[in-house]
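Hi,

Here is the structure I promised to pass on. Have a look at it first, and then read my notes below.

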Amino acid sequence: MLYSKYFLPTTKEDPAEAEIISHKLMLRSGMIRKLSAGIYTYLPLGLKSIRKVEKIVREEMNKAGAIELLMPSIQPAEIWETSGRWDFYGKELLRVKDRHSRNYCIGPTHEEVITDLVKNDVHSYRQLPLNLYQIQTKFRDEVRPRFGVMRGREFIMKDAYSFDRDEEGAEESYWKMHAAYCSIFKRLGLEYKVVEADTGSIGGNFSHEFMVLADTGEDQIVSCNLCDYAANLEKAEIKQDLKTPFQEQLLSIEQIQQIHTPDKRTINEVSSYLGKSPKDLIKTMIFIADKEPVAAIIQGNHEINHAKLKNILNVDMLETATLKEVKDATGCEPGFIGPVDLKIRIIADNSLKSMNNFITGANKKDYHLKNINTERDLKVETFADIRNAETGDLCPRCNGVLTFKKGIEVGHIFKLGTKYSQKMSASFLDQNGKGKHIIMGCYGIGITRIVAAAIEQGHDKDGIIFPDSIAPFNVIIIPITVKPGQAIDKAISLYNELTAAGIDVLLDDRNERPGIKFKDADLTGIPCRITVGDKGLARGILELKTRNQDNITEIPIEKAIEIIMEKVTLNI
């Protein structure tokens, strides 16, 4: 491609709207342009990179035995109502009506559509196993779209769905996809980690996330310093330390005392006022679980893990209670709520089992209680791991401790079981003629997010450093001058030979200063730069620079094609 004929509008300054590096560099390098909040046009450079990601994903999915199809983006409300997700999915589901006032949604995911398809066309065990996938645009109405395509409302995703006769087959399908994903991210040239994850709104009972490691990542990766255990923050388990300091407290159990804490509502305010540590206080939070109030209690220095609590309660909906709901459930306003004599269900974190003489709200404005003892004073329904993991917590698999890294979720695989097939009556006849529900799996990859994640992982002060596998162009040729002469003639000759060999080449034939061309080459992240100048040609050499290195190498003209091809091939 000739630069002068290409649509590549680069900019020098960081856009004011951009918060993270990938957003800044995708705008500056001319990969995307914003149309509306969380909705972007993919310019030619960005689309080329996306298509290369899609090619790798498609090849590995096909190799793993998955079959490509394409499903509608507009989905009727009926199938979502059948699955029970029309109301459950919430405001992220963009609902629309057609001219006949029938309800539809713009698909954020396709479990309902694929299950409806399979239930109508798959009836016998002989048609299973089956794995169907698509690469398509999705829409999720994020409450606060940000970070460019990293958390946009409209995005391109690969989603696959497996259908099996039994658990053994479903297990095989799951790990086949796991292996395919590992191959995909290896070919993409990204540093990644596979972690255990919560299933969230998709459902199911087992899942893994594929995280691209990046210091700017939004997600926390929790891993052990000794074994291979790794999970996201929502899923990370905590082994209860049997030698917790609370077991070494004074054996004497003090009597409950009510203490005046005027207008002291937060953990920090109360602990400071009483001269105590936050870990000596109990935090009580009220949630609405499937329309019923429930209290969750943890140490004051910890945070409740919403996903863990939801799983322990085994509910479809779990939301933090509103001020009115808190008052209705406890008879008190937030800041002074405590678990003593509370008339609703209480779920307590494991760490509270052995905690004595702690402080908590008195369910009375401006008052707290001290010397509370779990066993004596509380009616706990369930003790469970309901808090966020923290650095130094014990690994649930070995004697190691948990450490934290940052990452970006780019892939997620699920074992769905019969969650959708049962509700939507997707069944088959086994070899004995008995009807059974199909066992499903779900496997997603964020295509557009991968491009952004690659930039978050690979960049410097000058711009993007793309892996060769997904760089929009593999080679950029920069003639020092485009005036008629040896430099431009040789540049065109190189361009033609490399293009004929199947290499994506950009020839910068603009009548610009070399410095401007070099800056744009660095900004767009093209892995291999070839500079052609009259002085070098007189000496029989060209200059080669790779984007991830500072040094420039002189290469002989007669071996230039061979050397460039080797560089590109080695980087793929």
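**What I found**

Strand 14 and strand 15 are among the elements that cover the buried residues of helix 9. A few words on terms before I go on: helices (H or I, at least four residues) and strands (E, at least two) are DSSP runs, numbered from the N terminus. Buried means under 20% relative accessible area, exposed means over 50%, and partly exposed is in between, with a 1.4 Å probe and protein chains only. Contact means heavy atoms within 4.5 Å.

This is a predicted model, in which local features need pLDDT of at least 70 and side-chain atom pairs count only at pLDDT 80 or more, while totals for chains, interfaces and linings use all residues. Residues are numbered from 1 along each chain as its sequence is written, and side-chain values use heavy atoms, with hydrogens and water left out.

**Helix 9**

Helix 9 covers residues 323–330, and Val326, Ala329 and Thr330 are its buried residues to look at. These residues lie on the same side of helix 9, because they cover an arc of only 80 degrees around the axis (the arc is that of the directions from the helix axis to the C-beta atoms). Lys324 and Asp328 are exposed, on the face turned away from the buried side of helix 9. Just after the helix comes glycine 331, with a positive phi of about 75 degrees.

For angles, axes are lines fitted to C-alpha atoms, for helices over the stretch in contact, and the angles run from 0 to 180 degrees between N-to-C directions.

**Helix 2 against helix 6**

Helix 2 (residues 44–63) packs with helix 6 (residues 167–188) at an angle of about 150 degrees, and their axes are 9 Å apart. On the helix 2 side the contact includes Val53, Ile56 and Val57, and on the helix 6 side it includes Met177, Ala180 and Tyr181. By type, the residues of this contact are 9 nonpolar, 1 polar and 3 charged. Here Ala, Val, Leu, Ile, Met, Phe, Trp, Tyr, Cys and Pro count as nonpolar, Asp, Glu, Lys and Arg as charged, and the others, Gly among them, as polar.

**Helix 14 and strand 27**

In helix 14 (residues 514–524), the buried residues are Lys517, Asp520, Ala521, Asp522, Leu523 and Thr524. What they pack against includes helix 1 (21–28), helix 2 and strand 27 (475–479). Glycine 525 follows helix 14 and has a positive phi, near 75 degrees.

Is strand 27 enclosed or open? 5 of its 5 residues are buried, so strand 27 is largely enclosed by the rest of the structure. Val475, Ile477 and Pro479 are on one side, with Ile476 and Ile478 on the other, and both faces are covered. In a regular strand the side chains alternate between the two faces of the sheet. Strand 27 also pairs with strand 28 (residues 505–507) in the parallel sense, over 3 bridges, where valine 475 is opposite valine 505.

**One more residue, and the whole chain**

Threonine 115 is in helix 5 (residues 111–121) and counts as buried, at 0% relative accessibility. Leaving out residues up to four places away in sequence, threonine 115 touches Tyr420, Ser421, Met424, Ala426 and Met440.

Overall, the chain has 16 helices and 31 strands. Buried residues make up 52% of its 572 residues.

Cheers

Terms used
Two strands pair if DSSP finds at least two bridges between them.
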